[in-house]
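Subject: Structure handover

Hello,

Here is the structure I promised to pass on. Please open it and keep it beside you while you read.

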Amino acid sequence: MKRAALLMALALGACSGMQTPLAPAADQAEQIRSIWDVMLWVTSFFYLLVIGFLAWAVWRRRRKETAPPRTQVHDQGLERTLAIWAGMIVAGLTLLISWSFLVDRSLASTQDDQALHITVTGAQWWWRVEYTDGTPDKQFETANEIHLPVGETARIKLMTSDVIHSFWVPNLSGKMDMIPGRENVIDITPRKIGVYRGQCAEFCGFQHAHMALTVVVESREDFNRWRNHQLTPAAPPASPKHALGKAVFKAKACSLCHEITGADAGGRTAPNLTHLASRRTIAAGTLPMNRGSLAGWISDPQAIKPGAKMPNVPMSAAESDALVTYLESLK
Amino acid sequence: MGGSARTLLLSALAAASLGGCERETRPLVTPPETGPQSIALTDLYPGSPAPPPKDPRADDYAGNAYHITQGQTYYRWYNCNGCHANGGGGMGPPLIDREWRYGSSIDQIYATIRDGRPNGMPGFEGKATDQQMWQLAAYVRSLGGFTPQASSARREAMRSTPPRNQAKPQEPRPESFTIPQGVSR
């Protein structure tokens with residue numbers, strides 16, 4: 001009894017959570033969920049039918065061995081049953097195929113008047129996120145975290161800067177590949193406020209497993225507040241220690257790849273760190289955002305994420321401490 | 001009899017396939033930075049006819065395809081192509097010819113990247129890490145086809161020459177220009 005309850009809980013556990021297609025939070029994921037449902041019902045029906053016949057065959061009374069063997073060539077009953085059976089299989093498969101075709105069609109028919117334009121570029125092993133709406137002073141870049149206003153369709157353009165990746169946020173939509181030299185597009189219309197997790201769904205190299213992103217669905221007011229904050233440059237250093245950290249960032253290898261708006265660091269090949277501390281994770285969902293993670297990541301990224309493109313940058317303990325303090329202040 | 005011959009053949013095959021692994025060996029532990037050291041920029045030495053010993057790291061980087069492709073990535077990331085183009089040169093000198101002003105062996109290229117050179121070449125010491133500068137040097141060296149064939153890069157978009165593993169076999173190019181014995185400079 002207890003075990004059955006535990007199993008039930010496990011089965012239900014899959015129906016909620018921040019990374020599951022079974023708890024859709026957007027129109028697109030809802031449609032994909034409907035394929036799941038149809039598939040489940042059709043296959044369950046056939047499964048039960050087959051198991052039922054099997055059970056019947058096992059349990060029905062065995063014929064007396066003394067009975068003479070039947071040599072009837074035409075068994076009308078059997079032929080009719082088999083014809084019905086084949087018809088049912090064809091009907092079931094047709095239902096599955098046409099349902100999946102219709103859902104696919106509806107997902108592909110994106111409208112043109114989307115409210116929000118976002119470009120997500122996959123890279124080994126993180127996501128560049130650019131909000132490209134409006135005039136250039138309203139555009140900004142962040143990494144590994146997407147915010148979406150609830151109830152509004154966002155059009156997400158998917159590109160890659162190196163190899164094939166695949167953008168997949170199961171709660172919001174299906175997978176879409178990012179192909180070198182191509183621009184793919186998906187629409188997402190989130191319906192439930194919450195935080196969801198996405199992941200690269202196409203093997204892309206050494207750290208494919210550590211290439212996650214966070215999607216925050218929030219109210220329009222919260223989204224506007226977040227966007228206005230992202231548009232501001234990084235806060236100036238608040239203390240001499242922060243200033244030292246900023247100087248270290250600019251003098252060492254950090255600024256060769258990373259950008260901090262307002263700090264004279266303009267590298268474009270690595271994640272934008274202007275509002276690093278406002279994100280929930282660092283290193284593309286590898287570690288939670290806090291002082292300890294930052295310090296560990298900076299002192300030896302190759303130990304935490306072997307093969308990552310960030311090198312071990314040698315620096316003294318005092319420099320590292322100041323740098324972490326500065327980065328932590330980039331709210 | 002047949003069994004031992006097959007074993008021999010199999011082990012020979014295994015050894016042959018393992019030999020190919022080293023060209024892409026990817027070290028996951030970053031070697032410690034050794035700090036500045038003096039690197040000779042010319043073949044002319046007072047007194048001794050023997051050149052100073054080569055940096056021991058040179059062969060590790062020059063003979064490894066992983067390091068060369070990393071260098072290829074950094075070549076674009078750090079805007080080397082801004083001046084040197086794809087090796088053909090532009091504002092900066094070309095990188096596919098043989099004899100260079102500040103030396104064209106991998107450790108001399110490393111020193112050039114690290115310290116910078118007059119008239120435009122910036123120094124990357126403290127900016128790029130030591131390993132990145134070695135990888136860049138290995139890639140720059142491969143632009144002119146001076147690396148061993150086994151370690152040539154697979155991504156060929158930026159190369160000025162046909163891929164090494166598709167090119168016709170040819171005489172290996174000399175490491176650097178050497179004066180024949182018995183000829184005075």
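Below is what I found, topic by topic.

**Confidence**

Keep in mind that this is a predicted model. The complex has an ipTM of 0.74 and a pTM of 0.79 from the predictor. For chain B, the mean pLDDT is 73. In that chain, 58% of residues reach 70 or more.

**Chain A as a whole**

Start with chain A. It has 331 residues. Its secondary structure comes to nine helices and 14 strands. The radius of gyration of chain A is 28 Å. A compact globule of 331 residues would have a value near 20 Å. Along the principal axes, the C-alpha atoms of chain A fill a box of roughly 100 × 45 × 40 Å. Of the residues in chain A, 29% count as buried. Then look at contacts in chain A between residues at least 6 apart in sequence. Of these, 65% join residues at least 24 apart.

**One sheet of chain A**

Find the open sheet with the strand order E3-E2-E1-E5-E8 in chain A. Five strands form it, and the pairing is mixed. Which strands stand at its edges? They are strand E3 (140-143) and strand E8 (184-188) of chain A. Each has a single partner strand, so one side of each is left without a neighbour in the sheet. On average, neighbouring strands of this sheet are turned by 25° against each other, direction ignored.

Now zoom in on E1(A) and E2(A). They run antiparallel, and six bridges join them. A:Ile118 stands opposite A:Tyr131, which is in E2(A). The loop between strand E1 (116-123) and strand E2 (126-131) of chain A holds A:Trp125. Check the peptide bond between A:Gln124 and A:Trp125: it is cis, with omega about -5°. Most peptide bonds are trans.

**Another sheet of chain A**

Five strands also form an open sheet in the order E4-E10-E9-E6-E7 of chain A. Its pairing is mixed. The edge strands are strand E4 (145-149) and strand E7 (176-178) of chain A, and each pairs on one side only. The twist averages 25° from one strand to the next.

Look at strand E6 (residues 165-168) of chain A. Three bridges join E6 to E7(A), and the two run antiparallel. A:Phe167 stands opposite A:Met176 in E7(A). A helix packs on this sheet too: helix H4 (residues 220-231) of chain A. H4 touches E4 and strand E10 (212-218) of chain A. The direction of H4 makes about 140° with that of E4(A).

Most residues other than glycine have a negative phi. Here are two with a positive one.

A:Ala283 has a phi of about 55°, and it is not a glycine. Find A:Ala283 in the loop between strand E13 (281-282) and strand E14 (287-288) of chain A. Is A:Ala283 buried or exposed? A:Ala283 is buried, because 23 other C-beta atoms lie within 10 Å and the cut-off is 20 or more.

B:Asn119 has a phi near 65°, also positive, and is a residue other than glycine. B:Asn119 lies in the loop between helix H5 (106-115) and helix H6 (130-143) of chain B. B:Asn119 has 6 C-beta neighbours inside 10 Å, so it counts as exposed. The cut-off for exposed is 12 or fewer.

**Where the chains meet**

How many residues of chain A are in contact with chain B? There are 13, and they are in contact with eleven residues of chain B. The chain A side divides into eight nonpolar, four polar and one charged.

Finish with B:Gln132. It is found in helix H6 of chain B. B:Arg101 is 31 residues from B:Gln132 along the chain, and their C-alpha atoms are separated by 22 Å.

Best wishes

Key
Residues numbered from 1 in each chain as written. Chains lettered and ligands numbered in written order. Predicted model: local features only at pLDDT ≥ 70, side-chain atom pairs only at ≥ 80, totals over all residues. pLDDT = per-residue confidence, 0-100. Helix = DSSP H or I, 4+ residues; strand = E, 2+ residues; numbered from the N terminus. Pairing = 2+ DSSP bridges. Axes fitted to C-alpha atoms, helices over the stretch in contact; angles between N-to-C directions. Contact = placed C-beta atoms within 7 Å. Rg over C-alpha atoms; globule rule 2.2 N^0.38 Å. Nonpolar A, V, L, I, M, F, W, Y, C, P; charged D, E, K, R; others polar.
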